[in-house]
Amino acid sequence: MNQIHIRQYQESDFSRIQELNRDEGWNNLVEKNEDTRQAWENSSVSYVVEAEGDGVVGYIRGFTDTCITLYICELLIDKKYRGLGIGKELLQYVHRLYPKTRIEMLASSSSHRFYEGQGYRPFYGFRKTFEE
């Protein structure tokens with residue numbers, strides 16, 4: 001595996017983040033390009049992971065109150081880099097920044113096994129947009 005480095009998101013990372021979103025089929029984030037860009041600018045948790053020679057290969061975005069809750073909005077790793085522990089490393093990295101918090105997130109049917117394997121437990125929640 002190439003050497004990886006986690007760092008704070010920079011505006012210049014946004015186009016690569018959208019490429020990753022497109023490759024993953026996260027079309028809502030891609031189609032709402034300006035809203036997604038604004039979300040990145042307003043997020044208190046916004047980190048990318050770079051691989052030597054390949055640039056940005058993953059990211060984590062969320063927000064926190066720093067004391068109770070650390071909410072992860074998105075965590076995405078380039079398909080070529082999955083299974084190497086990068087997602088786990090990103091989660092641990094942001095949790096070390098806010099060790100008093102509990103991490104909360106939503107998971108897809110394909111990602112829930114990854115989170116359960118990291119010791120996360122499922123919980124019940126709800127979602128609704130303003131238009132609904």
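In which sense do strand β4 (residues 69-77) and β5 pair, and over how many bridges? The views below start there, in what is a predicted model.

**View 1. Strands β4 and β5 side by side.** The two strands pair in the parallel sense, and 4 bridges join them. To find your way along this pairing, look for T69, whose bridge partner in β5 is R102. Another pair to look for is Y71 with its bridge partner E104 in β5.

**View 2. The two faces of β5.** Strand β5 covers residues 102-105. I103 and M105 lie on its covered face, while R102 and E104 lie on the uncovered one. In a regular strand, side chains alternate between the two faces of the sheet.

**View 3. The whole sheet.** Five strands form an open sheet in the order β1-β2-β3-β4-β5, and their pairing is mixed. At the edges sit β1 (4-8) and β5, each of which pairs on one side only. From one strand to the next, the twist averages 30 degrees.

**View 4. Helices packed on the sheet.** Helix α3 (residues 33-42) packs on the sheet and touches β2 (45-51) and β3 (55-64). The direction of α3 makes about 70 degrees with that of β3. Helix α4 also packs on the sheet, where it touches β1, β2, β3, β4 and β5. Its direction makes about 155 degrees with that of β4.

Note on methods
Residues are numbered from 1 along each chain as its sequence is written. This is a predicted model: local features need pLDDT of at least 70, side-chain atom pairs count only at pLDDT 80 or more; totals for chains, interfaces and linings use all residues. Side-chain values use heavy atoms; hydrogens and water are left out. Buried means under 20% relative accessible area, exposed over 50%, partly exposed in between (1.4 Å probe, protein chains only). Two strands pair if DSSP finds at least two bridges between them. Axes are lines fitted to C-alpha atoms, for helices over the stretch in contact, and angles run from 0 to 180 degrees between N-to-C directions. Contact means heavy atoms within 4.5 Å.
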